Amino acid sequence: MPENPAKARRDELVAMYHEVHECRKCPLGSVRANAVFGMGNADADLMFVGEAPGAEEDRQGKPFVGRAGKLLDELLAEIGMERRRDAWICNILKCRPPGNRDPQPEEIEACKPYLMRQVQLIEPRVICTLGNFATKLLTGSSTGITRVRGRPQEREVAGLPVTLYPLFHPAAALRTPAVLEQLRQDFVGIPELVRRERHEADEPDLAMAGTPGPPDPSQLDLFAG
C-alpha cells in the first residue's frame, strides 16, 4: 500500500468518522448515544485497540475517558508518553453494547472494516491490543490474553506488517491488583518496541533522511474536540 500524504490520510479519517456516526450496520447503531470513533495522533507509530465503549465513552463519544482511560493515561505518563502526542486509541466496536456486555460475533464482523481502515490510514508500527477480544481478533488466534500478554508478535494487520503487543485491559487491572502490576510491567516495554520498529522501518532510508521533526500539530487530537 503506497504511503498516504498526511492531509489525504487526515481527510479520509474525517470522512470515515462521519460514516461511523451514521452507521446502522448492526443493532448497536440504534441504541447508542454516540459512536466512538477514536482519538489521538493520527500520525502515531503506536496504536491501542480496546474492546468497546463503556458508559462514559458512549456519553462523550470519545474512547477511554472513564476510569480505565484515566489509568491508561497514568501508565502512559509513567513511560514518558501521552495519548494526544504519542498514540491513536480506538476500540473494536464503535458503539457501546447494552449493559457493557461482551461484543457479539456479528457486531465485531460489522465493525471490523472500520478498524482495518483505521490501521491502514494511521499506519502504526506497534499495536497494543487491550484484553481478550482485541487480542484474539488481531492475532487471529483463540489463545487467551493471560498466555500471550507482554509478548510481542510480528503480524500482518490490514495488509501492513506490525508488531502486536497484547496487554491486559485497564478495566481488568482496576478490578485486580495483581493484573495492574503485570500491566504496569508490560507497559515498560512499549517505548523500546516503538523505537525498534521505527528504526527498522527507517533503516533503508537513513542515508537520505534528516532528523525527524516534531509531530504535525494538525494531526494531534483529530477527534478530541
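In which helix is E57 found? E57 sits in helix α2, which covers residues 55-60; helices (H or I, at least four residues) and strands (E, at least two) are DSSP runs, numbered from the N terminus. This is a predicted model, in which local features need pLDDT of at least 70 and side-chain atom pairs count only at pLDDT 80 or more, while totals for chains, interfaces and linings use all residues. Residues are numbered from 1 along each chain as its sequence is written, and side-chain values use heavy atoms, with hydrogens and water left out.

E57 is buried but has no salt bridge. Buried means under 20% relative accessible area, exposed over 50%, and partly exposed in between (1.4 Å probe, protein chains only). A salt bridge is a side-chain nitrogen of Lys or Arg within 4 Å of a carboxyl oxygen of Asp or Glu. For E57, the nearest side chain of opposite charge is that of R96, 7.2 Å away; Lys and Arg count as positive and Asp and Glu as negative, with His and the chain ends not counted.

R59 forms a salt bridge with E56, the closest N and O atoms being 2.5 Å apart. Both residues lie in α2, 3 residues apart, about one turn of the helix. R59 counts as exposed because its relative accessibility is 56%, and E56 is partly exposed at 27%.

A search of the whole structure finds 15 salt bridges. Another one joins the side chains of R195 and E192 (3.3 Å, N to O). R195 and E192 are separated by about one helical turn because they are 3 residues apart in helix α10 (residues 190-202). The side chains of R196 and E197 meet in a salt bridge too, at 2.9 Å from N to O. Here E197 is buried, with a relative accessible area of 9%, and R196 is partly exposed, with 32%. Salt bridges that share partners also join D45, R125 and R198 into one network.

Next comes the nonpolar interior. A nonpolar core is a set of buried Ala, Val, Leu, Ile, Met, Phe, Trp, Tyr and Cys residues joined through side-chain atoms within 4.5 Å. The largest core has 33 residues, of which M47, V49, I127, L138 and V157 touch the most other members. Elements that give two or more residues to this core are α1 (6-21), β2 (46-50), β3 (87-91), α5 (105-122), α6 (132-139) and β6 (160-167). Helix α5 gives the most, with 9 residues. Leaving aside neighbours within four places in sequence, V49 is in contact with residues including C90, I92, L115, I127 and L138. A second, separate core of 28 residues includes C128, L167, F168 and V179.

The protein as a whole has 10 helices and 6 strands, and buried residues make up 48% of its 225 residues. Among contacts between residues at least 6 apart in sequence, 74% join residues at least 24 apart.

Key: Contact = heavy atoms within 4.5 Å.
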